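Keep the sequence and the 3D view open as you read.

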Amino acid sequence: MKNIFYIFLFAICALILSACGGIDPYSKVDVFGQKGNNPDEFNEPFAIAVDASSNVFVADARNQRVQKFSSKMQFLEQWGGGGNDPRKFEKPSGLAIDGTGNIYVADYDLDRIQKFNPQGRILLEWGTSGKLPGQFNSPTGLATDSKNNIFVADMYNHRVQKFSADGKFLTTWGDYHPISVFKSVFNFIFSREAEGLFNYPARIAVDGEDRVYVSDSYNNRVQVFSSQGKFLFQFGGAGLWGGKFRVSSGIAVSKQGRVFVADFYNHRVQEFSRDGCFIAKWGMKGKDPGQFDGPTDLTVDDEGRVYVVDWGNHRTQVFKPADSVKE
Amino acid sequence: MKSKVKIFVVPVLLVLLFLFPLLSFAEKATQKISIKVEGLYCPFCAYGIEKQLKKLKGFKKVEINLKHGVAELHVKPGMSITDQAIQQAVEDAGFDSATIERTQNGDKQ
């Protein structure tokens, strides 16, 4: 009996240690920005995207603008300001860049998507408030596939919507289904719970084979679908240790097929293989470089650099893979 | 000359005397409503509450304090927003209920 107790104690300690420590393959970090409304300052940076030239776009939510930076995070330009006119934002909440460099911006308050050319000129806008196809209730996540179709995580409608490059509605999937914390923690038992259903899906990404990864935020998991919305598999579940989430937020897939997920309440970033196997995690709550206060979104460039918007610290952090760092 | 000054000063004083109570009333009427919402901790949902509260008629400013899980609604002078409307906004943002506290120029009501 005593032995069982010690084994149990050892298992608990190992679990706690695995949650606290961990491999850190992204030890090289650069920090950009501070709280403010000047160029290259942020007030609640909420979403981030990177184009093929590694120019970085940040949705600076409280400043109601999008800022564009060079690959070295030097400020280039900005646009926005409050209002519902074209090129204006009430609360920019999601960003995506398609294969030709066009920029899509979701607006949380106005329930619309705006499409800009690479020079920031408006090309298209669509969306109104509602539940019908083509309408939104707080769109937060955007992603594009190889055919320049656009996927929207329509958060308060608990669904994903797919549009063509000219904003025509193509298909939708998902409905509301919250998973209890108990079932989420023990999802290796309840493994087929609510497939294809969501609880505030906040972010979305598409991999090189056009598979769609949805950050099902309040179900603490990631669900993966075909381009037509067929459920393929899921990973995650509520928890502190590696591979688990406390509100999964930003998600991105690298060219090499690695999946990165921002873990909001665990104040960290996690890395997975493209089939959802846990690889690494880094970050904890704090203000030092490499620490976070509620990461809300991330993106990854062709070089494998991971860009994270550190919402509560009003800054952006850029992590370089250890094997690419030459000191 | 004196009478000309009187003609100018007296009406100005009368206007000021008339306006003063109104200005004072407007100042007094500034109301702040604190809405304590269980589970209001992250921006994904905090922005949802903010969005719904902004739809209410009569608000001047909405502020979210995530550290304390509180949304603060500043009401325009002379306007009122009912508890029922606030509760509905909170429910529309996906939360169950809220504790509402009103203050008038810092005094609890």
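This is a predicted model: local features need pLDDT of at least 70, side-chain atom pairs count only at pLDDT 80 or more; totals for chains, interfaces and linings use all residues.

Residues are numbered from 1 along each chain as its sequence is written, chains are lettered from A and ligands numbered from 1 in the order in which they are written, and side-chain values use heavy atoms, with hydrogens and water left out.

Q: How many residues does chain B bring to the contact with chain A?
A: Contact means heavy atoms within 4.5 Å. Chain A brings 22 residues. Chain B brings 14 residues.

Q: Across the interface, how many residue pairs are in polar contact?
A: A polar contact is a pair of N or O atoms within 3.5 Å; within protein, one must be able to donate a hydrogen and the other to accept it, and residues adjacent in sequence count only if both atoms are side-chain atoms. Both residues must be at pLDDT 80 or more. Between chain B and chain A, the rule finds 12 residue pairs.

Q: Which element gives the largest share of the side of chain B that touches chain A?
A: Helices (H or I, at least four residues) and strands (E, at least two) are DSSP runs, numbered from the N terminus. One run, residues 43-53 of chain B, supplies 7 residues of that side. This run is helix α2.

Q: Which residue of chain A meets B:E50 in a salt bridge?
A: A salt bridge is a side-chain nitrogen of Lys or Arg within 4 Å of a carboxyl oxygen of Asp or Glu. Side chains of opposite charge can pair when their charged atoms come close. Here the N to O distance is 2.7 Å. The partner of B:E50 is A:R62.

Q: Why does the pair of A:R62 and B:E50 join two chains?
A: A:R62 lies in the loop between β3 (56-60) and β4 (65-69) of chain A. B:E50 lies in helix α2 of chain B, so the pair joins chain A and chain B.

Q: Is B:E50 buried or exposed?
A: Buried means under 20% relative accessible area, exposed over 50%, partly exposed in between (1.4 Å probe, protein chains only). A:R62 is at 29%, so A:R62 is partly exposed. B:E50 is at 1%, so B:E50 is buried.

Q: How far apart in sequence are the parts that A:D297 and A:R203 tie together, and what is the count?
A: Their side chains meet in a salt bridge at 3.8 Å, N to O. A:D297 lies in strand β22 (residues 295-300) and A:R203 in strand β14, both of chain A. The parts are 94 residues apart.

Q: Why is the pair of A:F89 and A:F116 edge-to-face?
A: Rings of Phe, Tyr and Trp (its six-membered ring) pair if their centres lie within 6.5 Å; planes under 30 degrees apart count as stacked, over 60 as edge-to-face and the rest as tilted. A search over all chains finds 31 aromatic pairs. In this pair the centres are 6.2 Å apart and the planes are at 70°, so the pair is edge-to-face.

Q: Which residue's backbone oxygen does the side chain of A:R211 reach?
A: A:R211 is found in the loop between β14 (201-206) and β15 (212-216) of chain A. With a relative accessible area of 15%, A:R211 is buried. The side chain makes a polar contact with the side chain of A:Y213 at 3.1 Å. The backbone oxygen, reached at 3.1 Å, belongs to A:R274.

Q: How far apart in space are B:V70 and B:S34, C-alpha to C-alpha?
A: B:V70 lies in strand β3 (residues 70-75) of chain B. Among the residues in contact with B:V70 are B:S34, B:I35 and B:L40. B:V70 and B:S34 are 36 residues apart in sequence, and in space they are 6.5 Å apart.

Terms used: Lists of a residue's contacts leave out its neighbours within four places in sequence.
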